[in-house]
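Me: I would like to go through this model with you, one piece at a time. Could we begin with how its helices are arranged?

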Amino acid sequence: MSEPAPSDLVLTERRGAVALVTMNRPSYRNAQNAAMTFAIDAAFSAAAADDGVHVIVLAGAGDHFSAGHDIGTPDRDIHKDFARVATQYWPHQDKAGAEAMYVREAELYLGMCRRWRELPKPTIAMVQGACVAGGLMLAWVCDLIVAADDAFFADPVLRMGIPGVEYFAHPFAMNPRLAKEFLFLGERMPAERAAQIGMINRVVPRARLVEETVAIADKIAAMPRFGLALAKKAVNQAEDRMGMRDVMDATYALHHLAHAHNALTTEDHLAGQDAKSMAKGLR
Ligand code: ZN
């Protein structure tokens, strides 16, 4: 399996007023390492600053949108330093105890996701195949989610003893009872059901995913730019006043209690799980 060059980890293509931002690690089901996270951020920032771009579509190359955070590819970069853009934390890689993971994930996961959710232009996640764990975070930060009929959604990290991925939008992306089912069972939720419960906007045939998503993006792109930014902010503010931001802060502490507990009781903060063992049993 070959890893794309760092400059090719994320590709941006312009289709009229739509920027199609594509994660490009198809050999690893677009597992997110830090390098790819910063490449997504750079692509989003460029699209946000470009007056010609009205709508941003986030996609994944290959058969899957994203299998989640990189917990097992050769280019996993968990112990590398990086330049922080979402927070002002210090370098994490040489820190002991709970500090390293807490600081790293504050920047890379919670911080980045919140930053992307606040992009002042409409964003659409275009999802096919797996949208699992860290993949959910990427879809959930987008304003709309359009999925192919082969897409499925799952957060199986409870198998590591962890109460859901870092960007804890679960009880907002679906109702609280379904959020518990989603977390407790860690099962795959098919696109059809995700649409029924209102977690995603549309399900379209796999062969028409790009066409249908870009058609929706084009329609949005014709609306007034500032009005779109204000409408987006209005709904985001409503979610925050319903408690989403506070819930995420509170749950981030529980998330890191779980990482610390794992580190104290097993060999690492993931409770000895890796990509292979996590994929097993995800049905
Ligand atoms: Zn974590």
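Me: How are α2 and α9 oriented to each other, roughly parallel or roughly antiparallel?
Reply: In this predicted model, α2 and α9 pack at an angle of about 155°, with their axes 11 Å apart, and they are therefore roughly antiparallel to each other. Angles under 35 degrees count as roughly parallel, over 145 as roughly antiparallel, 65 to 115 as roughly perpendicular and the rest as oblique. Axes are lines fitted to C-alpha atoms, for helices over the stretch in contact, and angles run from 0 to 180 degrees between N-to-C directions.

Me: Which residues make the contact?
Reply: Among them are Met101, Tyr102 and Ala106 of α2 and Met248, Tyr252 and His255 of α9. Contact means heavy atoms within 4.5 Å.

Me: What should I know about the numbering and the limits of the model?
Reply: Residues are numbered from 1 along each chain as its sequence is written, and side-chain values use heavy atoms, leaving out hydrogens and water. As this is a predicted model, local features need pLDDT of at least 70 and side-chain atom pairs count only at pLDDT 80 or more, while totals for chains, interfaces and linings use all residues.

Me: Back to α2, then. Where is its kink centred?
Reply: The kink in α2 is centred on alanine 106 and is about 45°. The bend at a residue is the angle between axes fitted to the seven residues ending there and the seven starting there. Alanine 106 is also one of the α2 residues in contact with α9. Helices (H or I, at least four residues) and strands (E, at least two) are DSSP runs, numbered from the N terminus.

Me: How many residues of α2 are buried?
Reply: In α2, 16 of its 19 residues are buried, which leaves the helix mostly covered. Buried means under 20% relative accessible area, exposed over 50%, and partly exposed in between (1.4 Å probe, protein chains only).

Me: And how does α1 pack on α2?
Reply: Helix α1 (residues 34–49) and α2 pack at an angle of about 15°, with their axes 11 Å apart, and they are therefore roughly parallel to each other. The contact includes Phe38 and Phe44 of α1 and Leu108 and Trp116 of α2.

Me: New topic: what does threonine 251 touch?
Reply: Threonine 251 is found in helix α9 (residues 244–265) and touches Pro163 and Phe168, not counting residues up to four places away in sequence. Threonine 251 is buried, with a relative accessible area of 11%.
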